[in-house]
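Dear colleague,

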Amino acid sequence: MFPVQTPIMAKRVAVIGAGSSGLTSIKCCLDEGLEPVCFESSDDIGGLWKFKEQPEADRCSIYRSVIVNTSKEMMCYSDFPMPDHFPNYVNNSTLLQYIRLYAGHFNLLKHIHFQTTVRSVRQRPDFSNSGQWEVVTVDRDGREETHVFDGVLVCAGHYTQPIKPLSDFPGIDTFPGTIIHSWEYKDSDPYLGKRVVVVGIGNSGGDIAVELSRVCEKTFLSTRKGAWVIGRVVDRGLPLDMVMMTRARDLFYWLLPRALLNLILERILNQRYDHKLYGLQPVHRILDQHIVINDDLPGRILLGDLAMKSNVQKFQGSTVFFDDGTVEEKIDAVILCTGYDYKFPFLPTSLSSGSDGDLKLYRRIFPPSLERPTLAILGLFQTKGAIMPAVELQARWASRVIAGLNHLPPTLFLSHWVDWV
């Protein structure tokens with residue numbers, strides 16, 4: 001007689017969030033023989049790219065006209081190209097369609113529990129030996145359930161907590177108009193014929209200011225530090241990232257002194273349009289911060305529908321004073337494009353090592369304080385290009401670590417590659 005072999009149970013992994021990061025995490029877990037169980041607090045997949053008419057607390061929110069800043073060839077998952085008939089730069093609804101195609105092709109939906117919120121993620125008493133986690137969830141009917149998992153992948157996004165620095169603007173309490181964050185902005189309809197100040201010149205600030213300038217009486221874009229601006233289309237009409245994100249260019253940039261490279265790149269952008277002349281001239285060098293990608297901003301400035309302004313100094317009723325000494329009266333609305341914070345209230349507080357609750361992560365993925373590397377936080381970073389393929393690589397590595405196929409270096413060496421995020 002042959003001995004009876006006991007089947008080895010696949011390790012169970014909790015995936016928190018069913019956006020673009022969560023879906024690729026589910027697939028990577030399946031690829032490594034793991035059993036993923038995904039918890040999604042909303043009723044659909046897509047995360048950030050699922051447009052909703054009204055913003056919902058603690059969830060990502062986008063405006064109706066969002067178009068991605070990375071081309072379809074560069075932002076797709078490695079094993080699932082975007083369809084040929086999709087445009088090079090897709091809008092949010094087309095990207096959501098692609099995400100649905102990806103989930104359907106790899107049969108990922110059956111692993112997702114919708115309208116299920118994760119309340120807490122805690123180490124089990126035997127964590128030092130098992131590396132297991134106790135995850136408490138609540139479904140749409142209020143039923144609470146406790147699960148045990150061998151690993152946890154956090155894919156909950158970091159555009160959920162809008163930063164509204166109202167205290168930075170003296171007199172703002174006297175302003176009679178509306179003040180919202182870009183997280184709340186949906187379209188330009190409420191601002192028809194009005195005078196609006198947009199604060200902040202990131203990608204969202206540029207997009208919103210351009211969109212408003214087409215319907216407002218006047219739009220003002222206020223910035224503290226300026227920005228380097230480039231369009232989505234570059235040499236020979238090709239997408240920006242297809243031309244700029246190549247190994248040859250990276251090698252060339254690595255060989256040149258940083259100061260010389262800054263000079264070359266700034267000269268190229270200023271030959272397109274003089275940033276100082278357009279009121280865009282930043283205080284930082286081009287390689288020190290992210291470039292703003294916007295096709296229409298210089299044109300709207302040239303037409304006079306959009307005016308660049310320095311930092312807001314103070315408010316006095318509906319009058320706004322700027323640091324450069326200029327004053328604009330009869331302002332109807334202010335839109336703050338002042339960034340986001342992140343919050344993972346379900347995680348143990350022991351993982352937040354910074355004074356402001358910041359996370360300390362090895363390679364921007366693994367909390368180094370854990371005895372067993374069975375929890376990973378994905379997508380908590382910014383890239384020079386598309387984030388989806390970068391998160392796919394994170395998910396591959398994290399799932400292999402949880403499966404025991406890859407190993408992290410000893411704790412002594414982790415500190416050399418730790419980032420605050």
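C29 counts as buried because its relative accessibility is 0%, where buried means under 20% relative accessible area, exposed means over 50%, and partly exposed lies in between, with a 1.4 Å probe and protein chains only. Please bear in mind that this is a predicted model, in which local features need pLDDT of at least 70 and side-chain atom pairs count only at pLDDT 80 or more, while totals for chains, interfaces and linings use all residues. Residues are numbered from 1 along each chain as its sequence is written, and side-chain values use heavy atoms, with hydrogens and water left out.

A disulfide is a covalent bond between the sulfur atoms of two cysteines, and here a pair of cysteine sulfur atoms is counted as one when they are within 2.5 Å. The structure holds zero disulfides, and C28 is accordingly in none, with the sulfur of C29 as its nearest at 7.3 Å. C28 is also buried, because its relative accessibility is 4%.

Next comes the interior. A nonpolar core is a set of buried Ala, Val, Leu, Ile, Met, Phe, Trp, Tyr and Cys residues joined through side-chain atoms within 4.5 Å. The largest such core has 83 residues, and L95 and Y98 are those with the most contacts inside it. Helix α10, residues 388–402, contributes the most to this core, with six residues; helices (H or I, at least four residues) and strands (E, at least two) are DSSP runs numbered from the N terminus. A second, separate core has 23 residues, among them I16, V152, L351 and L375. If neighbours within four places in sequence are left aside, Y98 is in contact (heavy atoms within 4.5 Å) with residues including C76, F80, M82 and M388.

S21 is in helix α1, residues 20–31, and it is buried because its relative accessible area is 15%. Not counting residues up to four places away in sequence, S21 touches C155 and V391.

D150 lies in the loop between β6 (144–149) and β7 (151–154). Is D150 buried or exposed? With a relative accessibility of 18%, D150 counts as buried. The C-alpha atoms of D150 and I402 are separated by 7.6 Å, although the two residues are 252 residues apart along the chain. Apart from neighbours within four places in sequence, D150 is in contact with K11, R12, G131, Q132, T374 and I402.

Most residues other than glycine have a negative phi. Q115, however, has a positive phi near 50°; Q115 sits in the loop between β3 (112–113) and β4 (117–123) and is partly exposed, with a relative accessible area of 28%. K330 is likewise not a glycine and has a positive phi of about 55°. K330 lies in the loop between β17 (327–328) and β18 (333–336), and K330 counts as exposed because its relative accessibility is 62%.

Finally, L260 is found in helix α8, residues 258–272, and it counts as partly exposed at 38% relative accessibility.

With best wishes
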